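Me: Hi! Could you walk me through this one while I have it open?

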Amino acid sequence: MVVHSQSTSAMRAGGAPHPQVHPSAYIHSFANVMGDVHVGANVLIAPGCTIQADQGSPFYIGDNVNIQDGAVIHAIEPGRVRGQDGQNYAVWIGDNSCITHMALVHGPAFIGDNCFIGFRSTIFNAKVGDGCVIMMHALIQGVEIPPGKYVPSGAVITKQEQANLLPDVLESDRKFTQQIIHVNEALKDDVSGANAQTSIRPVRTNLGPSQSHRFTTDTKPMNHTTLDAAIVSQVRSLLGQGYRIGSEHADKRRFQTSSWQSCPPITGNNEAQVLAGLEACLAEHQGEYVRLIGIDPQAKQRVLETIIQRPSGPVKSESISSVTKTIKNYTTSHINTSGNLDAETIAHVRSLLGQGYRIGTEHADARRFQTSSWQSCSPIPSQQESQVIAALEACIAEHQGEYVRMLGIDTQAKRRVFEAIIQRPGDQPKATPKAARSASSSSSTSYASTSSYASSPSAGLGADAIAQVRSLLAQGYRIGSEYADKRRFQTSSWQSCTPINSQQESQVIAALESCLAEHPGDYVRLIGIDPKAKRRVLEAIIQRPNGTGRGSTSPAAPTASSSASSASYNKVESNGSSYRPTGGLDGTVVNQIRSLLAQGYRIGTEYADKRRFQTSSWQSCTPINSQQESQVIAGVEACLAEHPNDYVRLIGIDKRAKRRVSETIIQRPNGNGSARSSSPAASSSRSYQAPPAPSTRGRGFSPRSGGGLDADTVAQVRSLLAQGYRVGTEHADKRRFQTSSWQSCTPIHSQQESQVIAALEACLADHQKEYVRLIGIDTKAKRRVLESVIQKPVAAR
């Protein structure tokens, strides 16, 4: 292996060879270059780079090479690559090539002149010809790429046949690579004019036996990035708080519908890596909207969304920096309020301005508010936060006693992105900033002025109805309302109120209050609508003629389904911690429903009268298409109400496997096993808390006479089911018992413990004056593994 004489002498002296760096080359203080490395003229090695020629060497880096942040160049074997000078090298990088962010070049590797290695790509045991362009996240291993070829992003080239079929590089590809390369060229120009104390300096001034791996002692990091300084500051702030960084992009059409698409994930928390990932996203989606996302990995929620690029170009620094104080948790307790605006409104203003939107205001008196005929306040041409807030306060002061709402306007898309009512006729002016702060601290952080609803029950809707509205909107449903006088209520002839087209909570609540005000002596009900399925998911009465239920959901409704829906939605205020039955399902059944839904199963119900129950001829109730817990419970309660004197059972269905996973009787004709909370009888769906007992084959149990199953029998059933056996029952009167002429009870098809026990109890109840025996059946071997008498006639004791 031929090496430079200076490095050879260093080896012979027993020390590690030193890099040979051209006087015009610059290496950042946060980069590591070690071993026998030749660095050519005008080379720039950015922060976070590692060039390690300690095991495999030597390395050759040609003139004008651009090695960007986080790149790694390494080898573990001595030179096996023939360089253009005829000597052997472990790694050769030709003139004018660019190794971009986080790329890995692992020897033996040869990269020709004028090559571009994209972000996070890997070159190992390969040769890349002159003028090749390798895009992002590509793998080149064990092949030779012909000169002038293009490797697309994500490609895996491990066979020579693949390399030979690669397309040629286009002029557009060259333009893209030049944009990336010019970043570091501009950096070199800045460095050339800097003094000796800059964070990048000639490495030659620091070479010496005692500093073979570190070239400078400067610790001030250089902002080597194309991103705006405000974006870099924002990234540092998020990383400093432990948040993760992400990015999304959208073209103009997707931006109109807020259909953002994710850029490649940024996995690291290193600032240089994050900035490189953002730069890659911006470069890949020029001419589109790109936004920066801050993510709290513990809470699994976004804390920031900020647009950093628009189709016209990057967003201005002023717009970006103004949003750094409103990282999406909107810590309103630290916002200084003034005048008539509370902290939450100011947080919304800052957030909108930070995303480049304009602010507007509208007002309406009570009559115009009913018809949504809003009038504009004076336009706000400024984007300075203080001027915008002053204009909002002026509008509020001019229209005391009226509704005032704030608007967020996207001037490029010519559409509204935000609407929130910030004043109502009954609101009192806030006397001091302290009062405003205390009011805002008790309000929620949603994009609506909900503090007035929570604090003033006279406004119309009660807390239950507001909680219900929030729950529906959070699930993506639309809200509607209907009214009926007493006569129409009897015939369920409801009439629609004014349609509610908005999904802003404040607008929906305002429309519901308007409907209540227009029909004070009528029934009014709240409707939840699934626009995709084109069906109703909720009907709940929120006002009655006698005044009861005004503004809150009523548990009593004209139909079983609406009653159930209303009752089930009462759990919203408890944050779903527990279901509170209002004359509906027993808590055990509700828990079983929750368990099935949590596992992704669908719920169904079936009913049967006594005759059909004997033959297991069950009939289906109305299908339950929803997987919303409240809607499922409503459907189950409706089935129970329709068939009060029949058997009713709950079914868990695995839609993918097309099979049943659960069958539980929740109602019996005599009330035993009823699922209703008013019934004192135990439900058959409840598990039997009997002490475990070993399984015994044969007639080893003490049979009971009359009543249900004892603990030994339950333990025996569990043991059989646990071993995969089926359970059956037989009965015989005294005469048949003498001749062992047993007759079968109703077959038990289920292997659910509760269903098997229910069937055994049914057989015992049907044949109280006869012998009944339990049978364990091995279905594979087609034989019985157990026969045990579990009931004898009274006279036989």
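Predicted model: local features only at pLDDT ≥ 70, side-chain atom pairs only at ≥ 80, totals over all residues.

Me: Good to know. How many helices and strands does the protein chain have?
Reply: The secondary structure comes to 22 helices and 43 strands. Of the 797 residues in the protein chain, 51% count as buried.

Me: And what share of the contacts comes from residues 24 or more positions apart?
Reply: Those account for 51% of the contacts in the protein chain with a separation of 6 or more.

Me: OK, let's look at sheets. What's the strand order in the open sheet that contains β36?
Reply: The order is β37-β36-β38-β39, an open sheet of four strands with antiparallel pairing. β37 (619-620) and β39 are the edge strands, each pairing on one side only.

Me: How many bridges hold β38 and β39 together?
Reply: Seven bridges, in the antiparallel sense. Within that region, Ile-651 has Glu-663 in β39 as its bridge partner.

Me: Which helices sit on that sheet?
Reply: α17 lies across β36, β38 and β39, and runs at about 170 degrees to β39. α19 also packs on the sheet and touches β36, β38 and β39, with its direction at about 5 degrees to that of β36.

Me: Tell me about α17 itself. What does it span?
Reply: Helix α17 covers residues 587-598, so to speak twelve residues, and reaches 16 Å from its first C-alpha to its last. That is close to the 16 Å expected at 1.5 Å a residue.

Me: Which of its residues are buried?
Reply: Val-589, Val-590, Gln-592, Ile-593, Arg-594, Leu-596 and Leu-597 are buried in α17. Their cover includes β36 (602-608), α19 (629-642), β38 (647-654) and β39 (659-667).

Me: What happens just after α17?
Reply: Gly-600 takes a positive phi there, of about 85 degrees.

Me: Now the other open sheet, the one with β32. What's its order?
Reply: β33-β32-β34-β35, four strands with antiparallel pairing. At the edges are β33 (495-496) and β35 (535-543), and each of them pairs on one side only. Helix α13 (residues 463-474) packs on this sheet, touching β32, β34 (523-530) and β35, and its direction makes about 165 degrees with that of β35.

Me: How does α15 run relative to β32?
Reply: At about 5 degrees; α15 (residues 505-518) lies across β32, β34 and β35.

Me: And what about the pairing between β32 and β33?
Reply: Strand β32 (residues 478-484) pairs with β33 in the antiparallel sense, over two bridges. Tyr-483 stands opposite Gln-495 in β33.

Me: Changing topic: how many aromatic pairs are there?
Reply: The structure holds 15 aromatic pairs. One of them is Trp-92 with Phe-110: their ring centres are 6.2 Å apart and the planes are at 5 degrees, so the pair is stacked. Trp-92 is in strand β12 (residues 91-93) and Phe-110 in strand β14 (residues 104-111), 18 residues apart.

Me: Are those two buried or exposed?
Reply: Both Trp-92 and Phe-110 are buried. Together with Tyr-60 and Tyr-89 they form one aromatic cluster. The charged end of Lys-127 sits over the ring of Phe-110, 5.1 Å from its centre.

Me: Which residue has its charged end over the ring of Phe-255?
Reply: Arg-415, at 5.4 Å from the ring centre.

Me: Last topic, the backbone. Where are the cis peptide bonds?
Reply: One joins Ser-57 and Pro-58, with omega about 0 degrees. Pro-58 is in the loop between β6 (50-53) and β7 (59-61). Another joins Gly-107 and Pro-108, with omega about 5 degrees, and Pro-108 lies in strand β14.

Methods. Residues numbered from 1 in each chain as written. Heavy atoms only, no water. Expected span 1.5 Å × (residues − 1). Buried < 20%, exposed > 50% of the residue type's maximum accessible area, 1.4 Å probe, protein only. Contact = heavy atoms within 4.5 Å. Pairing = 2+ DSSP bridges. Axes fitted to C-alpha atoms, helices over the stretch in contact; angles between N-to-C directions. Phe/Tyr/Trp six-rings, centres within 6.5 Å; stacked < 30°, edge-to-face > 60°. Lys NZ or Arg CZ within 6 Å of the ring centre and 35° of its normal.
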